[in-house]
Amino acid sequence: MAGLQDLPDVLSTLYPIKSESDTSTEIKKLSTMIRVGIVGGTGYTALELIKILLRHPDVCITKLTSRDESCPPLSEVHPQIRERLELNFSIFEIESFAEQVDFAFCCLPHAASAKIVKQLLERGIKVVDFSADYRLNDTATFEKWYEVEHPDANRVGSVPYGIPELFRSDIQNAELVANPGCFPSSALLPLVPLLSQSLIESTPVIIDSKTGVSGAGRKPNLKFHYPECNESVAAYGVGKHRHMPEINQIIARVCNQEISATFTPHLIPMDRGILSTIYVTPKQGVNASALQDQLNDFYRDETFVRISDTLPKTKDVTHTNYCDISISQCGEFAVIVSVLDNLIKGASGAAVQNFNIMLGLPETTGLI
């Protein structure tokens with residue numbers, strides 16, 4: 001990999017300097033920053049990641065890749081970034097990528113991602129991976145649910161799962177972190193502290209989630225075409241959604257108890273956001289108030305998880321890295337409502353949290 005002495009010419013091109021008198025100061029500042037590359041930068045989560053990193057004081061984005069061989073300019077793919085970062089997409093090639101990057105975010109689909117991640121790690125580049133390739137405990141489960149042979153099977157089961165509030169100590173010294181799924185984040189953040197203290201029964205656990213259409217990604221799909229989804233609500237993936245084993249395995253990993261949650265996602269005609277309504281049975285002598293006290297204690301020192309006395313809604317967290325949670329009593333059940341922005345706390349915001357932890361930076365940098 002190229003050293004910092006090679007940065008000035010590259011960085012002065014990517015980040016034009018307005019005044020000649022500011023040149024030495026600006027180059028000195030850029031030369032101490034962390035060079036970040038994004039693999040697969042054309043989607044919605046990549047756009048949010050770019051926006052967060054542009055306000056991160058310790059980061060300069062030096063490389064963006066796409067599988068589009070025309071290699072368009074960033075401003076053409078994401079007009080929101082026009083005049084903020086002058087950079088063209090390129091086809092991924094490990095040699096040139098490794099020369100210009102200290103840290104990578106991989107935003108490719110499952111299976112395609114692991115092939116690239118393996119190469120990056122071999123070059124000593126730390127990675128946060130957005131795909132599902134490293135989230136599960138074993139390759140058999142991965143191959144059953146994703147119907148493809150895993151390209152980097154030896155690492156499966158040993159990669160830290162990237163919910164910082166639950167796995168911070170594992171993330172701190174990691175070379176690779178598996179960024180969590182958006183639905184699992186909304187469910188695991190409230191469930192893990194309650195199951196780990198045996199305050200609720202492990203069955204039944206019913207997770208009813210609603211999500212905006214951005215959760216399906218940017219690639220055109222008839223189901224998410226405006227006339228198809230507007231003025232309509234639809235359940236999908238009933239009994240076969242790929243986030244089911246992720247939720248169950250992470251709970252088993254953290255709480256040392258098996259669980260088989262019933263998870264049903266629904267598509268809502270809005271751009272972004274997830275609202276999960278989770279039905280659980282408190283143990284004998286425990287009520288919703290005691291469950292809320294446990295969540296307050298567990299997340300007392302956490303910036304990005306807020307426990308609320310009122311029912312949260314998706315607009316409370318839109319464009320933020322917060323997850324808001326409330327608990328209400330409903331007969332014999334406790335009803336948990338958890339909301340987050342699927343593109344931020346459910347994806348790119350969590351990724352930057354992980355990045356900050358992996359590099360020993362203040363965890364909230366760039367996020368508040």
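Predicted model: local features only at pLDDT ≥ 70, side-chain atom pairs only at ≥ 80, totals over all residues.
Visitor: What makes the pair of Phe 103 and Phe 105 tilted?

Guide: Rings of Phe, Tyr and Trp (its six-membered ring) pair if their centres lie within 6.5 Å; planes under 30 degrees apart count as stacked, over 60 as edge-to-face and the rest as tilted. Phe 103 and Phe 105 have 5.2 Å centre to centre and 50 degrees between the planes. So the pair is tilted.

Visitor: Why is the pair of Tyr 161 and Phe 167 called edge-to-face?

Guide: Their planes stand 80 degrees apart, with 5.9 Å centre to centre. The structure holds ten aromatic pairs. Ring pairs also link Phe 103, Phe 105, Phe 130 and Phe 355 into a cluster.

Visitor: Are Phe 103 and Phe 105 buried or exposed?

Guide: Both are buried. Buried means under 20% relative accessible area, exposed over 50%, partly exposed in between (1.4 Å probe, protein chains only). Tyr 161 and Phe 167 are both buried too.

Visitor: Which residues of helix α12 are buried?

Guide: In α12 (residues 288–298), they are Ala 288, Leu 291, Gln 292, Gln 294 and Leu 295. Helices (H or I, at least four residues) and strands (E, at least two) are DSSP runs, numbered from the N terminus.

Visitor: Why are these residues on the same side of α12?

Guide: Because they cover an arc of only 155 degrees around the axis. The arc is that of the directions from the helix axis to the C-beta atoms. An α-helix has 3.6 residues a turn, so residues three or four places apart point the same way. The cover over the buried residues of α12 includes α9 (182–196) and β11 (323–330).

Visitor: What makes β2 and β5 edge strands?

Guide: Five strands form an open sheet in the order β2-β1-β3-β4-β5, with parallel pairing. β2 (59–65) and β5 (176–178) each pair on one side only.

Visitor: How do you know that β4 and β5 pair?

Guide: Two strands pair if DSSP finds at least two bridges between them. β4 (residues 126–129) and β5 have three bridges, in the parallel sense. So they pair. Val 127 stands opposite Leu 176 in β5.

Note on methods
Residues numbered from 1 in each chain as written. Heavy atoms only, no water. Contact = heavy atoms within 4.5 Å.
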